[in-house]
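I opened my notebook to get to know a new structure.

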Amino acid sequence: MRSSRSVHQLGARERQILDAIFRLQEASVAEVRAELPDPPSYSSVRTMIRLLEKKGYLHHRADGAKYVYRPTQSMQAASKSALRHMLDTFFQGSPSDALAAILNVTSDRLTDEDLARMKQMIERARREE
């Protein structure tokens, strides 16, 4: 991402807009607005999208008379950055503390397949040390 500003420093509405564009993969202002809870006016959404583009989070292409916006960062890169931020903010950088919290919150929904996959990932991480 070209911006020196972190995604985590964006305002709530800016994050909602960015989340909507990530979900849609690319979107016009009208499509983004349709995804927002209690959406502001079309011109407000357009202004916020332009600011996100200026900050380096989005880029656009022309599609006839309208612009279509896409994130400048892949979903994988953005999720990795968000996870790093969550680890540092809430778990003092500890993956095991984060995993313990996840297991505590989701233990009633874990399937045998989920647990087997986690076991494989842990074994792979051990081999890569």
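Below are my entries, grouped by topic.

**Ground rules**

I am looking at a predicted model, where local features need pLDDT of at least 70, side-chain atom pairs count only at pLDDT 80 or more, and totals for chains, interfaces and linings use all residues. I number residues from 1 along each chain as its sequence is written, and side-chain values use heavy atoms, with hydrogens and water left out.

**Salt bridges**

I started with charged pairs. How many salt bridges does the rule give? I took a salt bridge to be a side-chain nitrogen of Lys or Arg within 4 Å of a carboxyl oxygen of Asp or Glu, and the count comes to five.

I looked up glutamate 35 and found its side chain in a salt bridge with that of arginine 23, at 3.3 Å from N to O. Glutamate 35 sits in helix α2 (residues 29-35) and arginine 23 in helix α1 (residues 12-24), so this pair ties together parts 12 residues apart in sequence. I noted that helices (H or I, at least four residues) and strands (E, at least two) are DSSP runs, numbered from the N terminus. Glutamate 35 is partly exposed, with a relative accessible area of 34%. For these words I use buried for under 20% relative accessible area, exposed for over 50% and partly exposed in between, with a 1.4 Å probe and protein chains only.

Next I checked glutamate 26, whose side chain meets that of arginine 61 in a salt bridge of 2.7 Å, N to O. Glutamate 26 belongs to the loop between α1 and α2 and arginine 61 to strand β1 (residues 58-63), so the pair ties together parts that are 35 residues apart in sequence. I found glutamate 26 partly exposed at 25% relative accessible area, and arginine 61 partly exposed at 38%.

Then I turned to aspartate 88, which forms a salt bridge with arginine 84, the closest N and O atoms being 3.3 Å apart. Both residues lie in helix α4 (residues 75-90), four residues apart, about one turn of the helix. Aspartate 88 is partly exposed with a relative accessible area of 44%, and arginine 84 is partly exposed at 45%.

**Aromatic rings**

A pair of aromatic rings is described by the distance of the centres and the angle of the planes. I count rings of Phe, Tyr and Trp (its six-membered ring) as a pair if their centres lie within 6.5 Å; planes under 30 degrees apart are stacked, over 60 edge-to-face and the rest tilted. My search of the whole structure turned up one aromatic pair. Tyrosine 67 and tyrosine 69 form this edge-to-face pair, 6.3 Å centre to centre with 80 degrees between the planes. Is tyrosine 69 buried or exposed? Tyrosine 69 is buried at 2% relative accessibility, whereas tyrosine 67 is partly exposed at 41%.

**Two helices in contact**

I found α1 packing with helix α3 (residues 42-54) at an angle of about 85 degrees, their axes 10 Å apart. Axes here are lines fitted to C-alpha atoms, for helices over the stretch in contact, and angles run from 0 to 180 degrees between N-to-C directions. That makes α1 roughly perpendicular to α3, a label for angles of 65 to 115 degrees, with under 35 roughly parallel, over 145 roughly antiparallel and the rest oblique. With contact meaning heavy atoms within 4.5 Å, I listed Arg13, Glu14, Ile17 and Leu18 of α1 and Val45, Met48, Ile49 and Leu52 of α3.

**Loops and one more arginine**

Serine 28 lies in the loop between α1 and α2 and is buried at 5% relative accessibility. I saw that serine 28 touches Lys66 and Tyr67, leaving out residues up to four places away in sequence.

Most residues other than glycine have a negative phi. I noted a positive phi near 75 degrees for glutamine 25, which is exposed at 55%. Aspartate 38, in the loop between α2 and α3, has a positive phi near 45 degrees and is exposed at 67%.

Last, I looked up arginine 33 in helix α2, partly exposed at 31% relative accessibility. Not counting residues up to four places away in sequence, arginine 33 touches Pro39, Pro40, Ser41, Tyr42 and Val45.
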